Amino acid sequence: MSVAAEMRRGWCPSVARPMPTGDGLLVRLSLPADSLPPALLHAIASCARRFGNGLVDLTRRGNLQLRGLSEVTMPGLIEALSSFEGVASPHEAESLRDVMMSPLSGLDPKAICDVRPIVRALREKLAGEASLRALPAKFCFTVDDGGDFGLDQIAADIRFKARRESSDIFFMVALGGCEGEARGIGGCAPSSVPEIAVALARTFLNLRGASKDAPRRMAELLKRTEIETLSRSVGLLSLSSHRSDIVEGAASPGLREPGPPITMIYRREEDPASIGIAVPFGQLTADQLDDIANQTEAFGGEVRLTPWRTIFVANRSAIKAVNTDYRLENSGLITREPDPRLNIAACPGKPACARSTVLTRENARMLGSVAQGLRLSSPGGVIGLHVSGCAKGCARSAVTKATLVGRDGRYDLVIDGVAHDPPVREGLTLEEAKIALEQIVEAMWAERGEP
Ligand code: SF4
């Protein structure tokens with residue numbers, strides 16, 4: 001299969017299979033799903049400088065990617081990674097699939113249980129089972145602790161969500177999509193989560209078949225398979241044995257909250273505190289990663305990555321956390337709202353991606369003020385403007401109030417749609433695009449009767 005065809009079919013870059021991009025090879029690291037100690041962050045920053053171009057991406061699944069590598073530097077990176085504790089080897093990473101957990105699990109007082117041991121056990125099982133290498137690269141799992149930072153709006157193939165009934169804790173199991181779309185198939189004990197997750201993944205592989213058009217995601221499989229076939233295959237308890245108000249075959253509707261706050265989270269000053277930090281356009285420099293590691297190290301904390309492309313610096317006292325907050329803001333990171341950079345999604349664009357003819361992120365910075373206005377009428381909540389290097393729309397798949405799509409060095413404008421939708425205006429310069437966006441904001445205020 002050609003590189004282009006493989007990318008179309010959902011290739012995820014890994015150490016074993018780096019992806020060629022406009023600024024060199026791109027590699028996604030297979031990091032521990034729960035927390036990252038400062039020493040590991042320093043080591044990753046050093047690798048980004050020595051083997052790549054010093055840039056580190058935060059992905060929408062809570063992973064880190066190194067950019068700007070080459071055939072010459074890859075062997076050095078692989079050797080360096082092999083000495084990092086908790087980083088999967090290229091061999092293990094081939095069968096590991098993303099397991100996303102509530103990012104503050106173990107620290108969130110509202111959580112029903114700490115899911116970190118469950119997630120570790122699940123990743124061990126995945127890494128150890130060679131047959132699961134056949135799972136499509138984007139196949140993924142969520143394990144939600146039922147607390148304040150839930151994963152309801154994160155799409156996944158196999159979902160687990162903690163529930164409590166009297167003193168009994170169990171996990172609801174649902175398949176395909178985000179919480180509002182996924183179909184519930186039963187409940188299980190916390191200790192059974194890893195086993196059931198792997199058994200469902202095996203069943204998916206058996207049922208999808210090997211044809212060219214075999215489903216690549218659980219939601220696709222459910223369009224052609226009875227859901228009972230999946231629940232029976234893993235012997236799940238009937239949903240009705242846990243909750244009489246849950247209908248089998250339909251997960252509870254989930255809220256689409258905007259993600260974790262960019263602020264400090266604590267209950268009392270002497271309690272552990274967590275600081276939510278956002279990274280402009282989801283990209284860090286190696287120096288910023290070192291700054292985060294230094295500040296985390298100073299107070300014995302740890303870092304948690306989130307599927308919202310933000311970071312929590314967790315587990316320190318609130319008083320000490322205030323100092324960290326100011327220092328990280330000076331590093332160019334976003335530590336408080338509002339910030340116009342929070343209202344724009346932008347892919348790497350030119351020159352990092354060979355498909356782009358526009359400087360997406362540089363241009364996006366110049367559109368910050370108008371993006372704040374657009375955000376107020378955006379159906380997606382926080383993001384009001386999407387600046388995309390091409391119609392693929394990698395930075396955002398949700399409907400957005402305004403999307404600028406790069407083409408031949410100019411922009412097409414899509415309203416209330418996604419990057420591949422038909423544009424309402426074509427071939428705009430950046431200046432013309434800005435004026436068009438300002439007009440949309442003005443019309444919006446006029447409609448509301450505000451000046
Ligand atoms: S959307 Fe951006 S990153 Fe994705 S392929 Fe197009 S130019 Fe490249």
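Which residues does Phe 141 touch, not counting residues up to four places away in sequence? They are Arg 97, Asp 98, Val 99, Met 100, Leu 122, Leu 126, Ala 156, Ile 158, Ala 197 and Ala 201, where contact means heavy atoms within 4.5 Å. The model is predicted, and local features need pLDDT of at least 70, side-chain atom pairs count only at pLDDT 80 or more, and totals for chains, interfaces and linings use all residues. Residues are numbered from 1 along each chain as its sequence is written, and side-chain values use heavy atoms, with hydrogens and water left out.

Phe 141 is buried, at 0% relative accessibility; buried means under 20% relative accessible area, exposed over 50%, and partly exposed in between, with a 1.4 Å probe and protein chains only. Phe 141 is also one of the residues that touch the most other members in the largest nonpolar core, together with Phe 160, Phe 171, Leu 200 and Met 218. That core has 41 residues, and helix H6 gives the most to it, with 9 residues. A nonpolar core is here a set of buried Ala, Val, Leu, Ile, Met, Phe, Trp, Tyr and Cys residues joined through side-chain atoms within 4.5 Å. Helices (H or I, at least four residues) and strands (E, at least two) are DSSP runs, numbered from the N terminus. Another core, of 39 residues, lies apart from the largest one and includes Leu 31, Cys 47, Leu 66 and Leu 284. In soluble globular proteins, nonpolar side chains tend to be buried together.

The aromatic rings come next. The whole structure holds 3 aromatic pairs, counted for rings of Phe, Tyr and Trp (its six-membered ring) whose centres lie within 6.5 Å; planes under 30 degrees apart count as stacked, over 60 as edge-to-face and the rest as tilted. Phe 139 and Phe 141 have ring centres 5.8 Å apart and planes at 70°, so this pair is edge-to-face. For Phe 139 and Phe 204 the centres are 4.7 Å apart and the planes stand at 50°, so the pair is tilted. Phe 139 lies in the loop between helix H5 (116-128) and strand E6 (140-144), and Phe 204 in helix H6 (residues 193-208), so this pair ties together parts that are 65 residues apart in sequence. Phe 139 has a relative accessible area of 0% and is buried; Phe 204 is likewise buried at 0%. Phe 139, Phe 141 and Phe 204 form one aromatic cluster.

A search of the whole structure finds 18 salt bridges, each a side-chain nitrogen of Lys or Arg within 4 Å of a carboxyl oxygen of Asp or Glu. Asp 98 and Arg 61 form one of them, at 3.0 Å from N to O. Asp 98 is in strand E5 (residues 98-101) and Arg 61 in the loop between strand E3 (55-58) and strand E4 (64-69), so the pair links distant parts of the chain, 37 residues apart. Both Asp 98 and Arg 61 are buried.

Between Asp 412 and Arg 407 the closest N and O atoms are 2.7 Å apart. Salt bridges that share partners join Arg 407, Asp 408, Asp 412 and Glu 426 into one network.

Strands E8 and E9 can be taken together. Strand E8 (residues 168-177) and E9 run antiparallel and are joined by 5 bridges; two strands pair if DSSP finds at least two bridges between them. A hairpin joins E8 to E9 through 5 residues, and Met 172 has Gly 187 in E9 as its bridge partner. Strand E9 (residues 183-188) is mostly covered, with 5 of its 6 residues buried.

In H2, the buried residues include Leu 40, Leu 41, Ile 44, Cys 47 and Phe 51, and the buried residues of H2 pack against E3, E4, helix H3 (74-82), helix H9 (286-298) and strand E13 (302-305). In helix H12 (residues 368-375), Gly 368, Val 370, Ala 371, Gly 373 and Leu 374 are buried. Their cover includes strand E15 (344-346), helix H11 (360-365), strand E16 (385-388), strand E17 (400-407) and helix H13 (430-447).
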